[in-house]
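Please look at the sequence and structure first.

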Amino acid sequence: MHLHARSRGRVLAAASAACALSVTLAACGGTTKDSAKSDSAAAASTAKANPDAALKKGLKLAFLPKQINNPYEKIVDNAGIAAAQETGGTGKEVGPSDASASSQVSYINTLIQQRQDAILIAANDPNAVCTPLKNAMKQNIKVVAYDSDTAKDCRQLFINQASTEEIGRSEVQHIAKQLGYKGEIAILSATQNATNQNAWIGYMKDELKKPAYKNMKLVKVAYGDDDDQKSFQETQGLLKAYPNLKGIISPTTVGIAAAARYISSSSYKGKVVINGLGTPNQMRKYVKDGTVEQFSLWDPKKLGYLGAYAAAALASGQITGAQGEKFKAGKLGEYTIGKDGEVILGPPTVFDKNNIDDYDF
Ligand code: RAM
């Protein structure tokens, strides 16, 4: 636990140092615009934090994922619902079947009418969900972004799966090693508006500017919209359009699985490297058949669990979302809120043929 807490601190420090240095990056900490009002939403709906307050019983926590038919989001939300029950409350998941920018708006409005204690949202767009989320906070419904952030003043906390900078840069570092630092690469992303993917891509592009990558070229960012079929077709399109393509980074579990499926039964197998973010259960067969050598992810169950405990701590008045406040996330131990209401779960894991069978999610 001690070590974990220390490494969380390091990740946070590294991320904020880079944010301070880098004025060219559009996004730091997984969000978009800086806002002078960033703490106003938290301040408006809360008094002072009382770290000794007990967790309230009977809290109603609602999870609103990017889309309900995404296997990754299901794992996160099911773990969050179980954690809500562990705190003595209830949890549920509602959400759209597509990850388009405004698809979550009507769900937020319904959750407000239902007087949920907290809304946890993996935002499909940093701004499209803002007005209804601010309405929720005005009515003392706590708002916690997880997985994919909103603009900072539209939520009280952002539960980030890992340091945004570490995820972005490591994706490039990993594929570069596999390719011997040479060749054309492409990115197969989720939707064009996704806050998390866009923040990661910002760091990937920044990483690629370093001299070590002078013989590598990012030729295209394609969008599979976190839709399996569209991601499959986009993979095919990339490989046709760029005959010299040597690698694809897909920072989405939906995208990487579709790309691997396409490549596994094509002549590109063994010739084009795929790396990115995937779930071990979806990627296992492609690692075993040699299509994919490695990919990364954090534990999505822990992300949902941490999100639920953070929301319960907010709704119980233990924390308000201000930097430096601490709360206990059940069996995960204590977490400290960082800058701009960000809480970081921990470093991602790299999966390959040697460890993939140790994981079941
Ligand atoms: C997809 C979603 C999600 C992202 C993961 C890695 O499931 O886009 O937001 O965090 O991939």
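Predicted model: local features only at pLDDT ≥ 70, side-chain atom pairs only at ≥ 80, totals over all residues.

**Ligand site**

The shell around the ligand holds 14 residues, and those that come nearest are Lys66, Asp147, Gln197, Asp226 and Thr253. Domain 1 (5-162 + 299-348) and domain 2 (164-297) both contribute residues to this shell, so the ligand lies between them.

- The side chain of Thr253 has an N or O atom 2.6 Å from an oxygen atom of the ligand.
- For Lys66, the distance from a side-chain N or O atom to an oxygen atom of the ligand is 2.9 Å.
- The side chain of Asn70 places an N or O atom 3.0 Å from an oxygen atom of the ligand.

**Cover and cavity**

- On its own, the ligand has 290 Å² of accessible area, and the protein covers 100% of that area.
- The ligand takes up the space of the largest cavity.

**Make-up of the shell**

- Two elements give two or more residues to the shell around the ligand: helix H3 (71-86) and helix H7 (195-208).
- H7 provides three residues, the largest share of the shell.
- Sorted by class, the shell consists of four nonpolar, six polar and four charged residues.
- Lys66 and Thr253 are among the residues that come nearest to the ligand, and each has a side-chain N or O atom at the distance given above from a ligand oxygen atom.

How values were computed: Residues numbered from 1 in each chain as written. Heavy atoms only, no water. Near = heavy atom within 4 Å. Polar contact = N/O pair within 3.5 Å; in protein donor to acceptor, adjacent residues only side chain to side chain. Areas by Shrake-Rupley, 256 points an atom, 1.4 Å probe, with all protein chains shown as cover. 1 Å grid on protein atoms, 1.4 Å probe; cavity = no way out; pocket = protein on both sides within 12 Å on 5 of 7 lines; lining within 4 Å. Sits in = over half its atoms within 2 Å of the grid points. Helix = DSSP H or I, 4+ residues; strand = E, 2+ residues; numbered from the N terminus. Nonpolar A, V, L, I, M, F, W, Y, C, P; charged D, E, K, R; others polar. Domains from an automatic or database assignment.
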